[in-house]
Amino acid sequence: MNLKKILLLAVAVICVFLFFYLDLGRYLTLESLKANRQTLLQYYAAHRAATVAGFMALYILQTALSLPGAAILSLAAGAIFGSLAGTCYAVIAATVGATLAFVVTRYLLRDLVLGKFGPKLEGLNRELEARGFNYLLFLRLVPLFPFFLINLAAGLTRLPLRVFVPGTLIGIIPGGFVFVNAGASLATIDSLSDVASPRVLGSFALLGLFALVPVIYGKVKKKTG
């Protein structure tokens, strides 16, 4: 690993360490958001552009460093900006942050991983190059897979960036809208489980399965053709 990679990794590690050492996560809680909502709304009314820019920068940083708090930030987007604008800001910021995590992981670690496990991953890489969009859409839609883990894992493969970005953007819109829309009615939420109900999660899982239909059809056709 060259000096540039070492420095980049060191900066990322220091940022993550400071987040937990300073206990910054205490500001990314439902209780904190409810307590400060009025103050945030007043600041947004007086400084609209700065509030949007600051929110998106914070969301991008949180996602790029794989820090906790994405659900609270999505709720905050709805509480401050409303359902439609909040969804737009949150989804764009999350996509940018995820892309940064993907690119940095690829830059820092992919060569090392491929050097050790290259032959074993070759079949997976070929499949991702051919049908990566459908697989990524499935992973984004089905809430069983942690968002940050998908970013990091995808960076270790040969999944093209041109596939990762639109797959992420489209795949997180439904979930993003659900959380942002819930944030617009923040007073009715007592816990995050009130947002991610079994019915909602089941709907996402069904959407994810639809994303895999072209992949399944292609494999069946190849076997029977």
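Trainee: Where is Asp 23 found?
Mentor: In this predicted model, Asp 23 is found in the loop between H1 and helix H2, the latter covering residues 30–46. Its phi is near 55°, which is a positive value in a residue other than glycine, and at 44% relative accessibility Asp 23 counts as partly exposed.

Trainee: And Ser 66, which loop is that in?
Mentor: Ser 66 lies in the loop between H3 and helix H4, where H4 spans 70–81. With a relative accessible area of 24%, Ser 66 is partly exposed.

Trainee: How far does H3 reach from its first C-alpha to its last?
Mentor: Helix H3, made of 17 residues (48–64), reaches 24 Å between those two atoms, which is close to the 24 Å expected at 1.5 Å a residue.

Trainee: Which residues of H3 are buried?
Mentor: They are Thr 51, Val 52, Phe 55, Met 56, Tyr 59, Gln 62 and Thr 63. Seen down the axis of H3, these buried residues fall within an arc of 130°, so they line one face of the helix. As background, residues three or four places apart point the same way because an α-helix has 3.6 residues a turn.

Trainee: Switching to aromatics, how many aromatic pairs does the structure hold?
Mentor: The structure holds seven aromatic pairs. One of them joins Phe 17 and Tyr 21, whose ring centres are 5.5 Å apart with the planes at 15°, so the pair is stacked. Both residues lie in helix H1 (residues 3–21), four residues apart, or about one turn of the helix.

Trainee: Which residues form the aromatic cluster?
Mentor: Tyr 44, Phe 55, Tyr 59, Phe 81 and Tyr 89 form one aromatic cluster. Two of these residues, Phe 55 and Tyr 59, are also among the buried residues of H3.

Trainee: What sits over the ring of Tyr 44?
Mentor: The charged end of Arg 48 sits over the ring of Tyr 44, 4.6 Å from its centre. Elsewhere, Lys 5 lies over the face of Tyr 107, at 5.2 Å from the ring centre.

Trainee: OK, cysteines now. How many disulfides does a search of the whole structure find?
Mentor: The search finds zero disulfides. As for individual cysteines, Cys 15 is partly exposed, with a relative accessible area of 34%, and Cys 88 counts as partly exposed at 39%.

Trainee: Last topic: where does UniProt place the feature "transmembrane region"?
Mentor: The UniProt entry, which is unreviewed, places it at residues 6–28, 91–109, 133–154, 161–180 and 200–220. In the model, residues 6–28 are 70% helix and 0% strand, with the end C-alpha atoms 30 Å apart, whereas residues 91–109 are 100% helix and 0% strand, with their end C-alpha atoms 26 Å apart.

How values were computed: Residues are numbered from 1 along each chain as its sequence is written. This is a predicted model: local features need pLDDT of at least 70, side-chain atom pairs count only at pLDDT 80 or more; totals for chains, interfaces and linings use all residues. Side-chain values use heavy atoms; hydrogens and water are left out. A disulfide is a pair of cysteine sulfur atoms within 2.5 Å. Buried means under 20% relative accessible area, exposed over 50%, partly exposed in between (1.4 Å probe, protein chains only). Rings of Phe, Tyr and Trp (its six-membered ring) pair if their centres lie within 6.5 Å; planes under 30 degrees apart count as stacked, over 60 as edge-to-face and the rest as tilted. A charge sits over a ring if NZ of Lys or CZ of Arg is within 6 Å of the ring centre and within 35 degrees of the ring normal. UniProt positions are given in the numbering used here, feature names are shortened, and annotations may be inferred rather than shown by experiment. The expected span of a helix is 1.5 Å times one less than its number of residues. The arc is that of the directions from the helix axis to the C-beta atoms.
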